[in-house]
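Subject: Structure handover

Hello,

I am passing this structure on to you. Please look through it first; my notes on what was found follow below.

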Amino acid sequence: MRRNSPIGIFDSGYGGLTILEQIRKRLPQYDYLYFGDNARTPYGTRSFEVVYHYTLQCVEQMFAMGCELVILACNTASAKALRSIQQRDLPHIAPERRVLGVIRPTVEVIGQITKTNHVGLLATPGTVQSDSYRIEIEKYYPSVVLHSEACPMWVPLIENNEHLSEGADYFVKKYLDALLGKDGMIDTVILGCTHYPLLLGKIRKYAPASVRFLSQGEIVAESLADYLVRHPEMEERCSLGASCSYFTTESVDKFSASASIFLREDIKVSHVDLGV
């Protein structure tokens, strides 16, 4: 018998909604619970220890809300907290539950796409600083050369709904030129932040046509579908109601307004107080 267990999608902010959208498109039959720690965003500028503490606290909250499987739809949380939670915490607090991230699924497809073995990464300062993409790429594709560029202005532009303005072009071109200027052989660029697909139109405007950009939504959705096939014991715990509920640590009105930048539907949001 299936439990009443939605698949949890976590992000410190709103970018994870781009992951959720693609997961629901690929796997519409399941129930989902989106949890945004919007009161404490951004995570990207915080230390490893703080990101780990915040992420673990939110994961435990999602477990308490019925999630058996949680996806960290946040590159910073995946980079700074996932491994510790998987190895140090889950065996003690919830050995039968699982927490997955977005970095490994993204890296796994790199070798199938790049022709030159020269890859770029555009991400938040926290994700770049963590070096998580380089570490994962070296495990799977040691011959791939990775160059990274931090884009500290992109998330604020998007969350303030300025990403379509002419002023955003300056910062898009600035970081893209800086990355591609490091290596003329880059043919594949990872958009290493779940917000960045909203800038893809402008990014392509200033990039050579030969460069391919990887958005994580479809990649993570396909990876989750494969995971559920390979782990039927987990799939059987995920409830089938085709529903989605939204929770935030911020004001529900603020979440609804900001979420409208990412979603094309009206949503009902509930507030969660983590007691901090």
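**Notes on the structure**

Ala-242 is partly exposed, with a relative accessible area of 46% (buried means under 20% relative accessible area, exposed over 50%, and partly exposed in between, with a 1.4 Å probe and protein chains only). The model is predicted, so local features need pLDDT of at least 70 and side-chain atom pairs count only at pLDDT 80 or more, while totals for chains, interfaces and linings use all residues. Residues are numbered from 1 along each chain as its sequence is written, and side-chain values use heavy atoms, with hydrogens and water left out.

**Backbone**

Ala-242 is in the loop between α13 (232–235) and β9 (244–248); helices (H or I, at least four residues) and strands (E, at least two) are DSSP runs, numbered from the N terminus. The phi of Ala-242 is near 55 degrees, a positive value in a residue other than glycine. Asn-161, not a glycine either, has a positive phi of about 60 degrees and is placed in the loop between α9 (154–159) and α10. Thr-41 and Pro-42 are joined by a cis peptide bond with omega of about 5 degrees, and Pro-42 belongs to the loop between β2 and α2 (48–64).

Strand β2 (residues 32–36) contains Leu-33, which is buried at a relative accessible area of 3%. Leu-33 and Phe-10 are 23 residues apart in sequence, and their C-alpha atoms are 8.4 Å apart in space.

**Rings**

The whole structure has 12 aromatic pairs (rings of Phe, Tyr and Trp, the last by its six-membered ring, pair if their centres lie within 6.5 Å; planes under 30 degrees apart count as stacked, over 60 as edge-to-face and the rest as tilted). One of them is the tilted pair of Phe-171 and Tyr-175, with 6.4 Å centre to centre and 35 degrees between the planes. These two residues are 4 apart in helix α10 (residues 166–180), so about one helical turn separates Phe-171 and Tyr-175. Tyr-175 is buried, with a relative accessible area of 6%. Ring pairs also link Tyr-14, Tyr-34, Tyr-246, Phe-255 and Phe-262 into a cluster.

Arg-40 lies over the face of Tyr-54, 3.8 Å from the ring centre (the rule is NZ of Lys or CZ of Arg within 6 Å of the ring centre and within 35 degrees of the ring normal). Lys-80 lies over the face of Phe-48, at 5.1 Å from the ring centre.

**Pocket**

The largest pocket has a volume of about 710 Å³. On a 1 Å grid over the protein atoms alone, a pocket is an open set of points with protein on both sides within 12 Å along at least five of seven lines, a cavity is a set where a 1.4 Å probe fits but cannot get out, and lining residues have an atom within 4 Å of a point. Grid points are joined across faces, edges and corners, and a volume is the space filled by probe spheres set on the points.

Of the 30 lining residues of this pocket, Leu-82, Gln-86, Gly-101, Arg-104 and Pro-105 are the closest to its centre. Helix α12 gives the most to the lining, with 7 residues.

**Cavity**

The count comes to 1 cavity of 30 Å³ or more. The largest share of the lining of the largest cavity, 3 residues, comes from α8.

Regards
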